[in-house]
Every structure is written in structure tokens, then in C-alpha cells.
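Hi there,

Here is the structure I promised to send over.

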Amino acid sequence: MGSIRQRYLTATPKDDEVIDLAALLGALWRNKTYIFLAIITSVFIGGVYAYILATPIYRSTAVVMLNNREEQQVVDLGSVMGGLGGDSTIVNTEVEVLKSRILLGKVVDELELTQDPEFNSALTEPNIVDRAKSFINRLAASNHEVSDVSDREKRSIRQATVDALLQSLTIRNIPQSLVFQVTVETTNAEKSARISDSLVDLYILNQLEVKFEATEQATSWLTERVTDLQISLEEAEEDVKDFRASTSLVSPEALTGLEVQVKDMRERIENTQATRDAAKTRLEKILTAQTPGSQAEAAGDLQLNNMLPRIAEPSAAEAFSNRLSLLISRAEADITRQESQLRTLQASLQTLETQIDQQSQDLITLQQLTREAEASRLLYEYFLGRLKETSAQQGIQQADSRVISPAVVPNSMATPRKPLILTISAILGLLLGSAFVLVRETRNRAFRNAEQLEITSGHAVIGQVPMVIAKRRLDAIAYLKDKPSSAAAEAIRNLRTSVMLSNVDTPPKVIMIGSSVSGEGKTTISLALALNFSTMGKKVLLIEGDIRRRIFSQYLKTKQTDGIVSVLTETRSFDDVVIRDEMLGADVLLGDKGQANAADIFSSERFANLLSDLRSRYEIILIDTPPVLIVPDARVIAQQVDATVLVVRWDRTPKEQVMGALREFDSVGKPVSGIVLNQISPLGMKRYGYGNNYGPYSTYGSKYYVN
């Protein structure tokens with residue numbers, strides 16, 4: 001057992017990290033029936049859709065090329081509406097124009113698609129719900145409202161028809177080209193071609209109409225603009241004429257002459273100011289001089305200088321004073337004269353500057369009026385030329401696209417593509433079937449062979465019992481007794497041998513058979529072991545430890561109602577309640593209902609004493625216990641037995657429940673002696689891939705059994 005646990009511990013990480021591809025493929029192969037059924041079902045559904053339910057769709061394509069603007073024009077004039085380029089923006093724009101609701105609405109009106117049930121769902125036969133809604137709407141609306149609703153319904157029907165046409169339309173631009181493929185899909189081949197050609201023709205006609213309307217609008221606008229510009233030009237020229245008449249002759253040359261005069265006048269003013277200032281300075285020096293010498297020096301007069309040597313004489317002093325006074329009077333007169341002259345020059349300068357400012361303003365106004373008149377003339381002449389060019393372009397506009405391949409009526413339907421649908425259905429069935437199998441295998445937490453059970457639990461599998469086909473539980477024991485050479489009987493013998501050899505030195509006498517949950521077949525195993533031990537000549541006692549359910553009566557023909565509870569409560573003696581079953585060849589102590597709890601009854605000292613007494617009377621004592629995960633009875637009884645056998649149902653009991661049961665027994669210090677894999681289906685073993693090479697279920701093992 002220790003080696004098994006060690007193998008489990010070393011193998012588990014590796015198994016968790018590595019995907020067993022062989023096991024995966026094996027699971028798919030074992031469940032090939034499910035996969036095959038999934039494929040057949042999927043192909044059948046696809047065939048029903050392709051051949052019965054699907055509506056045939058016919059596809060027709062017209063090819064249009066977008067013209068560039070490098071072609072030779074009839075009249076080489078600038079166009080009012082320029083041509084289209086070839087970049088991706090223009091190409092994508094034209095694709096959207098082809099799908100525009102205005103253009104599609106024209107197609108609907110021209111082909112009267114509102115009368116076609118394929119595009120107008122209102123023409124199809126209404127169901128009961130639609131009829132009821134229509135009737136309620138008619139009752140709720142007045143006569144006036146009915147007329148409005150009718151108009152709205154017409155618009156709504158037209159919009160719905162446009163939507164249906166848009167859904168059946170596909171516009172595709174061929175990469176690296178200016179070519180569009182206009183594809184229409186309908187339920188009628190001729191209809192598809194007709195709609196595709198009509199859409200392309202209306203698209204080209206729409207381009208011409210747009211250009212013609214643009215030319216007309218441009219001509220009308222240019223005519224109005226030229227008239228307005230002519231009036232503006234005439235008004236500007238009249239303003240220039242009136243201004244010239246209201247002002248004196250103004251020219252840039254005359255203005256330049258006045259500016260020269262101003263410059264000369266400013267120079268004269270500066271010279272006069274300098275002379276006056278010099279005279280004032282000299283006069284101030286004379287007046288501030290204190291001595292005759294300094295006065296003569298300040299005056300700078302020759303006569304005063306000659307009089308200085310004789311200044312002490314009275315006559316000379318008087319003559320000096322008179323001469324100095326004369327010089328002062330002359331200086332003051334010069335200053336007065338210069339200031340008067342300066343004022344006159346400044347007044348003349350101001351007059352000239354005022355005259356220059358006025359003439360400058362007049363010249364600027366004249367130049368502005370002249371420029372405005374000239375600009376009006378240029379603008380008028382330009383728009384007049386554009387008006388003549390635009391008028392010349394009317395009637396010679398070219399479309400920006402042309403048809404290079406009209407739509408062709410298709411000979412075969414585009415959809416449904418029956419071979420493709422069937423192929424995809426088969427692949428889908430294969431994928432769904434495989435997914436179902438893998439999910440089913442992944443979600444399966446049960447055990448399918450002894451090796452899985454040993455590795456997972458860490459305990460030895462001491463028995464593998466096949467399923468016994470019986471309508472009643474009583475028939476299962478009769479089958480084992482009547483067919484001692486069957487595979488099930490041999491499996492019980494192997495289990496008996498394994499239990500007895502679990503402890504060679506002291507073979508167990510009291511053996512407990514338990515399970516994780518109910519439905520594992522532990523009661524059948526208990527009865528089968530009792531039958532097997534009794535056939536060996538052993539004195540066997542079978543105790544029904546599951547006193548909560550008490551199902552032994554379904555296997556044994558007896559009317560006894562008292563049992564182990566009556567013995568433990570000393571209501572009845574053991575010899576009074578124990579029964580002898582001839583089919584088993586063993587004594588049976590049934591379970592009966594008592595007032596106390598079952599766990600308390602089995603944990604009592606009276607139960608231990610009873611088993612001690614029975615050990616001396618019987619060679620083998622088998623106890624059938626309730627599930628360990630449901631009630632604690634099994635763990636209590638395990639304290640008094642020599643060997644514990646845990647029954648696990650093949651391909652049903654989850655791993656978590658098995659491990660939980662083992663932990664329950666380990667928690668009370670009574671680990672199980674071995675595990676029995678019960679109710680194994682031979683067909684199931686073969687289906688899972690274990691039947692041909694797994695022990696008693698191989699093709700060789702069948703030669704030894706008589707079932």
C-alpha cells in the first residue's frame with residue numbers, strides 16, 4: 001500500500017503537466033459513435049436547409065470605371081465643376097454615392113420595386129398577429145387620420161424597399177484600380193441583372209444631371225454677379241469724376257514742389273533764429289559788463305577800443321558812453337527786426353504745411369477712388385469672361401464614369417452552395433461531436449479501471465466485480481449461487497481471497513463493507529461474500545448495520561422484524577432474532593428500528609460485547625454499514641472490526657467522494673483494508689478501450705467463465 005501511495009505522489013505532478021495525446025485520441029475513438037451521430041445530424045440539418053429551406057439567390061454584376069480628368073476635352077475651358085481624381089478618398093466617396101438612398105430611391109421608382117414582394121414585405125401574406133395589429137390600428141384611427149397614415153405608410157413602404165435593396169446590393173472597388181463592381185442578389189436571375197444595370201445607368205445619368213444643374217446654377221449666379229459688378233463699376237467711375245470736379249488740380253508733382261518750399265522755409269527760419277540768438281547774447285554781454293574795457297570788448301566796436309586810452313578825460317568818457325548807448329540801441333533794433341521776420345516766416349511755413357496736408361488727403365482720396373474703380377473693372381471683366389466660358393460649356397458635359405461591362409443574367413444560383421454547406425455541416429458536426437466527447441470526458445470524475453483508483457486513492461484495489469444483470473436484488477444472489485463459474489462469482493472469490501490475505505498472520509474475522517454514498521452496491525457485495533464464505537463451509541453471520549434504511553428484506557425471504565437493536569437493548573436475545581437463510585447458507589442478523597440514535601447504539605459497550613461474543617460462535621462476521629459520507633455509523637462500527645472494505649461503483653462514484661470517504665476512515669485511525677470496484681460493465685470497459693487487454697475483461701478471460 002505504501003508503494004501505491006508513493007507512485008501516486010510521484011505520478012500526479014507529471015500527469016497534471018503533460019497532456020496525454022494518446023488518451024485524448026483514444027477518448028475520441030471510443031466515443032466515435034457520438035461523433036458519427038453528430039456528423040450525420042449536422043449533415044442532415046445542412047441538407048434540409050440547402051435543399052428545402054434555403055431560398056435560391058441569383059447574383060448579377062455590372063462593372064463601372066471611374067474616368068480620370070486627363071482625357072481630351074471638346075472645349076478647353078476651365079470647368080465650373082471639376083472632374084474626379086483617382087485617390088482613395090474619391091474612390092470611397094463614389095462607392096458611398098452608389099449606395100446613397102437618393103440614387104437607390106430612383107431605382108425603386110423606375111423599376112417599381114415597391115410592387116415586388118421580395119423588396120416590399122407588406123405584399124407578403126400577413127400572419128395572424130399582423131392582421132390583428134392592422135385591424136386594431138384601423139379601429140383606433142379616424143377618417144382624417146387614415147389618410148395621413150396612408151401617406152405615411154407609402155413613405156414608410158418606399159423607405160423599407162430602399163433598405164431591402166441596399167441589403168441586396170454590394171459595391172466593391174477592385175484594388176489598385178478605378179473599377180467598381182455593382183452586384184445585386186435577388187431570387188430572380190433577370191431581376192438581378194435588371195436592377196444592376198438600372199443602378200449603373202442612373203448613377204451615370206445622375207453625374208450628368210449634377211453637372212448640368214451645377215452649370216445652370218453657375219450661369220445664373222454669374223449673370224446676376226456681372227450685373228451687380230457693372231453697376232458697381234459705373235458708380236466707382238462716377239465717384240472719381242465727381243471728386244476731380246470738386247477739387248483743385250491735384251498731382252504728385254505739385255505736392256512735391258510744395259514740399260521743397262517747406263524745406264527752404266524751415267532752413268530760413270533756422271538761420272533767422274540763429275542770428276537773433278547771437279544778437280541777444282552779444283547784447284547781454286554788453287549790458288552785464290561793468291568796466292569800460294569789458295564793455296568795449298563785449299561790444300567789439302573799434303571806436304570804443306580807440307577811446308579807452310583817454311577814458312579818464314571827461315570828454316572821452318562822455319563820447320565813450322554815447323557810443324555805447326548807440327550800439328545798444330542798434331542791437332535792440334536788430335533783435336526786434338529779426339523776431340518780426342521770424343514770425344512772418346513761421347506763419348508762411350504753417351500755411352504751406354496746411355496746404356500740403358489738404359492736397360495729400362485729396363490725392364489719397366483720389367487714388368483710393370481710382371483703385372476701387374480699377375478693381376471693379378478687373379472683377380467685372382473676369383466674371384464676364386467666366387460667364388461666357390460657362391455658357392459655352394452647357395450641353396458638352398461628360399460623366400465621370402462609364403460602363404465597361406453590363407450585367408449578365410446568371411445561369412445558376414449563387415446561394416445556397418450545397419456542396420459547401422454539406423461540407424461545412426460535416427466539419428461542424430465533427431467539431432461539435434468531438435467537443436461534446438471531450439467535455440464529457442473532462443467532466444467525468446469517476447473511476448474506470450483499478451489503476452486509476454489505486455493511483456488516486458493510494459489504496460489497493462482488492463476486487464473488481466462485474467455487473468450482474470437482474471430485475472430484482474434477490475435475483476442477483478440467486479444468479480451467483482446458480483452460476484458459480486460466472487465472471488461475477490469468480491470476482492467475489494477473488495475479493496474473498498484478497499480480504500483473507502490482507503493480513504496473512506491473523507486473517508480477519510469481522511469484516512465491514514461500506515461505501516461513500518448510497519447506490520454503490522455494498523449490500524450486494526456483503527450478501528455475495530456471505531454466500532461465498534458459506535460455500536466454503538464457514539460458519540458465517542451477516543449483520544445489517546444500516547439500521548436506518550433496512551433493505552435486507554428486499555434480498556431475503558423472511559418475516560422477522562426484530563434485529564440487532566432489540567438484542568443491544570436486551571429486549572430480545574440474539575438466538576431469538578437471528579435467522580437462517582437457506583439461499584445464503586448463513587445466519588443473518590437484521591436491522592430494526594429503535595428509539596436511540598444509530599451512531600450511539602454502535603458506539604455503546606453492548607455492541608462491542610456482542611461482537612466479542614459472536615467472534616467465538618462464527619468464523620466470519622460480515623457487517624453491512626451505511627454510507628460513510630452521509631452518517632457517522634460506519635466510522636463507529638469500524639472501531640470494532642478487523643478489516644474494512646470500501647465499495648466504489650464503476651464509472652459513477654466521483655473521485656472527490658471516494659477521497660472524502662477514505663479521509664473519514666483515516667480520521668478515526670481505521671484506514672480501509674482495500675477497495676472494491678463494483679458493477680463494472682464489460683461493454684463499457686470495451687467502449688473505453690480497456691476490454692481487450694484488461695484482466696478478466698480481456699478476450700482471453702472470457703474462456704474461463706460460464707456466464
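**What I found**

F607 counts as buried because its relative accessibility is 1%, where buried means under 20% relative accessible area, exposed over 50% and partly exposed in between, with a 1.4 Å probe and protein chains only. F602 is buried as well, at 2% relative accessibility.

Before going further, a word on the source: this is a predicted model, in which local features need pLDDT of at least 70 and side-chain atom pairs count only at pLDDT 80 or more, while totals for chains, interfaces and linings use all residues. Residues are numbered from 1 along each chain as its sequence is written, and side-chain values use heavy atoms, with hydrogens and water left out.

Back to the rings. The structure holds five aromatic pairs; rings of Phe, Tyr and Trp (its six-membered ring) pair if their centres lie within 6.5 Å, and planes under 30 degrees apart count as stacked, over 60 as edge-to-face and the rest as tilted. F602 and F607 make an edge-to-face pair, with 5.1 Å from centre to centre and 80° between the planes. W221, Y382 and F383 form one aromatic cluster. The charged end of R225 sits over the ring of F383, 5.9 Å from its centre, and that of K32 sits over the ring of W29 at 4.2 Å. For this, NZ of Lys or CZ of Arg must be within 6 Å of the ring centre and within 35 degrees of the ring normal.

Now the overall picture. The chain has 24 helices and 12 strands, taken as DSSP runs (helices H or I, at least four residues; strands E, at least two) and numbered from the N terminus. Of its 707 residues, 39% are buried.

There is also an open sheet of four strands in the order β2-β3-β1-β4, with antiparallel pairing; two strands pair if DSSP finds at least two bridges between them. β2 (169-173) and β4 (401-405) are at the edges with a single partner strand each, so one side of each has no neighbour in the sheet. The twist averages 30° from one strand to the next. β1 (residues 58-66) pairs with β4 over four bridges in the antiparallel sense, and S405 in β4 is the bridge partner of V63. Helix α4 (residues 88-98) packs on the sheet, touching β1, β2 and β3 (179-186), and its direction makes about 25° with that of β3. Axes here are lines fitted to C-alpha atoms, for helices over the stretch in contact (heavy atoms within 4.5 Å), and angles run from 0 to 180 degrees between N-to-C directions.

Best wishes
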